Amino acid sequence: LGPAETLPANGWPMERLRASLAAGRADRHFLAVLVLSGRMSPIHRGHIEAMHQAQRRLEDRGFAVLAGGLSPHPDQVMRPGDLSASLRLRLAQLAVHDAPLLDVASWEASASSAVGQAG
């Protein structure tokens, strides 16, 4: 990945959201930002397709979907044998490389503890 495709320091990719707002995509009454959190060990087409389906369904109901992010779980909640957070983040970046709506959020995977994770 090139320099423009590195993960943001704060863990939340905001560029697409800012660009959508600046481009006037927030002219609808209902706005949405999609986030899919999960193990993603490994990420697969189903993760990407779920985001696209969510986008289509929301837009069919009048929402403006401004951005979307995949957020892999931190290592602390993973099972033995699962891929490391750094590898899952890299694979997620590759998976969304040409997806116009999606970015990768590293905040959750980089968290030092499992905040808000259900068993």
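**Surface.** I looked up the accessible area first: the protein exposes about 7,100 Å², and carbon and sulfur atoms supply 55% of that area. I note that this is a predicted model, and that the values below are computed from it.

**Burial.** I then asked what share of the residues is buried. Of the 119 residues in the protein, 35% are buried.

**Elements.** I recorded four helices and three strands in the protein. Along the sequence, I read these elements in the pattern α-β-α-β-α-β-α.

**Strand 2.** I turned to strand 2, which covers residues 63-72. Is this strand largely enclosed or largely open? I found nine of its ten residues buried, with under 20% relative accessible area. Strand 2 is therefore largely enclosed by the rest of the structure.

**Strands 1 and 2.** I next examined the pairing of strand 2 with strand 1, which spans residues 30-38. The two strands run parallel and are joined by nine bridges. As one example, I noted that A32 has V65 in strand 2 as its bridge partner. I also followed the chain between these strands: from strand 1 it passes through helix 2 (residues 45-60) to strand 2. This β-α-β crossover is right-handed.

**Strands 2 and 3.** How many bridges join strand 2 to strand 3? I found three, and these strands run parallel. Strand 3 comprises residues 102-104. Within strand 3, D103 is the bridge partner of G69.

Definitions and conventions
Residues are numbered from 1 along each chain as its sequence is written. This is a predicted model: local features need pLDDT of at least 70, side-chain atom pairs count only at pLDDT 80 or more; totals for chains, interfaces and linings use all residues. Side-chain values use heavy atoms; hydrogens and water are left out. Buried means under 20% relative accessible area, exposed over 50%, partly exposed in between (1.4 Å probe, protein chains only). Two strands pair if DSSP finds at least two bridges between them. A crossover is right-handed if, with the strands pointing away from the viewer, the path from the first strand over the helix to the second runs clockwise. Accessible areas come from the Shrake-Rupley method with a 1.4 Å probe; for residues, only the protein chains shown count as cover.
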